[in-house]
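Keep the viewer open and follow along.

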Amino acid sequence: MSSFTLSIKISPLLSLSPPPSTKLLNPNFSHFFFNTRILRATSRRFFGAVEVSSRTISTMETEKEIVGSQKQQLAKLFEESLRAAFPDVSDVQSLIAICNDAKHGDYQCNNAMSLWNKLKGKGTQFKGPQPVGKAIIENLPASEMIEKCSIAGPGFVNIVLARQWIANSLQKMLIDGIETWAPKLPVKRTVVDFSSPNIAKEMHVGHLRSTIIGDTLARMLEFSNVEVLRRNHVGDWGTQFGMLIEFLFDQFPNWEADSTPAIGDLEGFYKASKQRFDSDTDFKERAQKAVVSLQGGEEKYRKAWTQICEISRKEFQKVYERLGVHLEEKGESFYNPYIPKALELLNEKGLIEESEGARVIFIEGKKIPLIVVKRDGGFNYASTDLTALWYRLNEEKADWMIYVTDVGQREHFEMFFSAAKRAGWLPSNEKDYPKVSHVGFGLVLGEDGKRFRTRSTEVVKLVDLLDEAKSRCKLALVERGKAKEWTAEELEQTAEAVGYGAVKYADLKNNRSTNYTFNFDQMLSDKGNTAVYLLYAHARICSIIRKSGRDIQDLKKSGAIDLAHPDERMLGLHLLQFAEIVEEACTNLLPNLVCEYLYNISEDFTRFYTNCQVVGSAEETSRLLLCEATAVVMRKCFHLLGITPVYKI
């Protein structure tokens, strides 16, 4: 590809062990065409209940006990203490945080000051926040988790976790699996709406962020035992299809008789039809009539529409397979039959008004209203999105709807969320369930600081970008002589793992709301906070375990972890913080927190390995188990980020 000319070197190089084959879910390609009678019947069934009632949300349980994060476990202990020490103070939740200074402790309880503010002046026996903090400590139930507590400043309770408890927790995870560390979230079923390309247009770099951010959010929630409905809300229904269908009829009069699709290059076909639409008045009029025929369900037009959609889907699926992403398609056309009744319900609430020939919903604080029916009587994004939200709430019974799009669509989501709250579809309090969240992300920029494009000013196609990443990695592997050492399959798999992983990680490590600059040399470097560096760190751990000649599965059953050295204890403590990092990343919808944690763990391991001999030491068994625990946590982080780990240098 001419737009990418820089060269890189990756050292040292990595190899995969053959991963299990991954079966991607086939998209749901079902679409609905209804006449008026069927539409009314469907609407009566679908829109039977008008109000959304509050639902009790329970956490899904797995076969093995889910212990939750350290924070959650500490919170339970301190809540018991607070109830015992201050029985007359209601609705007090324990405030647990990681200790600001590791010299003073691992965690701290920060309730004393706020409790003192509630107690003072009410004849309390306490004389300040420090005695309040002391009472919290004195009423703590006995626990193997805590080694000691101390008071600092205005009543902060510093907590030191017991070394043996940390070691036992790591050992238990190695035996029972890291799934036992899954966070406990107050949500049962979530819709993650992401990727969402437009039919008849190739996926480009602008779809990269939505696809991989959405996939990572879905993976994190799935790991947390939340049922995730991965929705691909493709643009498969609109005025452009009249243009495409009519152009198909013109260019390929016998398209129905051909056994293979008439359209080869759909992107080129789209551009040519758009040029004809803009320049030919007669063609434009025919295209507009074709939309009416399509929406009316005429067989010829529906068949042409289906063929165009199928061609696009096959191209989309090639990209999804490379990225290891699966979605279920429910595009705009899926919700189209339900729009009239959805708008009727909004109208019954008195929300829809006439304005300059259109039907709109006025939103407080917004100068421009939310248009739900255009002047020509057609529907738009707002009417489709409101209907899709209703469907997800009532048919799919989702507790949390998450929409992953660029930040430029923020106002649209604010307005349609506001309309749904006014209609009573969503609670007014944003913290209550069911709820909605817009996950906005910034632009992918070129090194010139402008939107990332090719030299010919075209938007970079996503498939070309992935090809380039893989080819650069493969070339570096060949230059290092790995083509002679490895099988062709190992070479291909490693190039894909490193190349695709580097592209994903370079995006995900940034706060999603900001723009970031796309630079192949930086993302494929083996230095610093990159996927290549992290994949190398994981491969190095695997190499240490292999070189020991010990059976790690036997060691898990017969050996024991001891964290006598400070660097051993620090690494073990940070490994245990995995669950709370994932919990925070899920709660705030920030994948970069997992990236930051993964990088910090690799740095912790480097410090441990530098100062603590593993193979051949008296502590070999314990330290090999600590190596394995680190590798397990890193692999799960890679999985959450959609990155394939490598096992061999």
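## Lysines over rings

Start with Lys-300: its charged end sits over the ring of Phe-249, 4.3 Å from the centre. Bear in mind that this is a predicted model.

## Aromatic pairs

How many aromatic pairs turn up in a search of the whole structure? The count is 24. Tyr-403 sits in strand E11 (residues 400-406) and Phe-413 in helix H14 (residues 410-422), so the pair ties together parts that are ten residues apart in sequence.

Are these two residues buried or exposed? Both Tyr-403 and Phe-413 are buried.

## Helix H14

H14 runs for 13 residues, and from first C-alpha to last it reaches 18 Å, close to the 18 Å expected at 1.5 Å a residue. Its buried residues are His-412, Phe-413, Met-415, Phe-416, Phe-417, Ala-419 and Ala-420.

What do those buried residues pack against? The list takes in strands E9 (358-361) and E10 (370-373), helix H13, and strands E11 and E12. After H14 comes Gly-424, with a positive phi near 85°.

As a rule, most residues other than glycine have a negative phi, and most peptide bonds are trans. A few spots here go the other way.

Ser-195 isn't a glycine, yet its phi is positive at about 75°. You'll find Ser-195 in the loop between strand E5 (189-193) and helix H6 (206-223). With a relative accessibility of 5%, Ser-195 falls under the 20% cut-off and so counts as buried.

Lys-397 is another non-glycine with a positive phi, this time about 55°. Look for Lys-397 in the loop between helix H13 (381-394) and E11. Its relative accessible area is 46%, which makes Lys-397 partly exposed.

Then there's the peptide bond joining Tyr-433 and Pro-434: it is cis, with omega at about -5°. Pro-434 lies in the loop between H14 and strand E12 (435-441), and E12 is one of the elements that the buried residues of H14 pack against.

Definitions and conventions: Residues numbered from 1 in each chain as written. Predicted model: local features only at pLDDT ≥ 70, side-chain atom pairs only at ≥ 80, totals over all residues. Heavy atoms only, no water. Phe/Tyr/Trp six-rings, centres within 6.5 Å; stacked < 30°, edge-to-face > 60°. Helix = DSSP H or I, 4+ residues; strand = E, 2+ residues; numbered from the N terminus. Buried < 20%, exposed > 50% of the residue type's maximum accessible area, 1.4 Å probe, protein only. Lys NZ or Arg CZ within 6 Å of the ring centre and 35° of its normal. Expected span 1.5 Å × (residues − 1). Contact = heavy atoms within 4.5 Å.
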